[in-house]
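I opened this notebook to record what I looked up in the structure, working from the sheet to the helices and then to single residues.

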Amino acid sequence: MTHKYSVKGMSCSGCVANVRKALEAVPGVTQVVVQQQPGEATVTMERHIDTTLLQQAVQQYGKYELSELH
């Protein structure tokens, strides 16, 4: 299953790499694509992963805010 998320706080390619690295480290995540503009992450996962867990993962790398896109 694939979900799209809004990611705020990314200002450079290093931020994009940090967010991707953080999300890839979450158990069950199989693929991550992060785009600085428009500030989105597309996450493919084996099973549903609660958004709170993904938020906690990216916050370990900086002051990023991740939320579901509806």
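Helices (H or I, at least four residues) and strands (E, at least two) are DSSP runs, numbered from the N terminus, and two strands pair if DSSP finds at least two bridges between them.

I noted that the model is predicted, that local features need pLDDT of at least 70, that side-chain atom pairs count only at pLDDT 80 or more, and that totals for chains, interfaces and linings use all residues. Residues are numbered from 1 along each chain as its sequence is written, and side-chain values use heavy atoms, with hydrogens and water left out.

**Entry: the sheet**

I looked up the strand order and found an open sheet of four strands, S2-S3-S1-S4, with antiparallel pairing. Strand S2 (29-35) and S4 stand at the edges with a single partner strand each, so one side of each is left without a neighbour in the sheet. Ignoring direction, I read that neighbouring strands of this sheet are turned by 25° against each other on average.

I then went through the pairs. Strand S1 (residues 2-8) and strand S3 (residues 40-45) pair in the antiparallel sense over five bridges, and within this pair I found His3 opposite Val43 and Tyr5 opposite Ala41. On S4 (residues 65-68), which runs antiparallel to S1 and is joined to S1 by four bridges, the bridge partner of Tyr5 is Glu68. S2 and S3 pair in the antiparallel sense over six bridges, and there Val32 stands opposite Val43 in S3.

**Entry: the hairpin loop**

What did I find between S2 and S3? The hairpin has four residues between the strands, and Gly39 takes a positive phi near 80°. Pro38 lies in the loop between S2 and S3, and a cis peptide bond joins Gln37 and Pro38, with omega about 25°. For reference, most residues other than glycine have a negative phi, and most peptide bonds are trans.

**Entry: the helices**

I checked how the helices lie on the sheet: H1 lies across S1, S2, S3 and S4, running at about 165° to S2, while H2 lies across S1, S2, S3 and S4, running at about 160° to S4.

At what angle do H1 and H2 pack? Helix H1 (residues 13-24) and helix H2 (residues 51-59) pack at about 130°, and their axes are 8 Å apart. That angle makes H1 oblique to H2, given that angles under 35 degrees count as roughly parallel, over 145 as roughly antiparallel, 65 to 115 as roughly perpendicular and the rest as oblique. I listed Val19, Ala22 and Leu23 of H1 and Leu54, Ala57 and Val58 of H2 as the residues that make the contact.

**Entry: Val58**

Val58 is buried, with a relative accessible area of 0%, where buried means under 20%, exposed over 50% and partly exposed in between (1.4 Å probe, protein chains only). Leaving aside its neighbours within four places in sequence, Val58 is in contact with Val19, Ala22, Leu23, Tyr64 and Leu66. From C-alpha to C-alpha, I read 13 Å in space between Val58 and Glu40, which are 18 residues apart in sequence.

Methods:
Axes are lines fitted to C-alpha atoms, for helices over the stretch in contact, and angles run from 0 to 180 degrees between N-to-C directions. Contact means heavy atoms within 4.5 Å.
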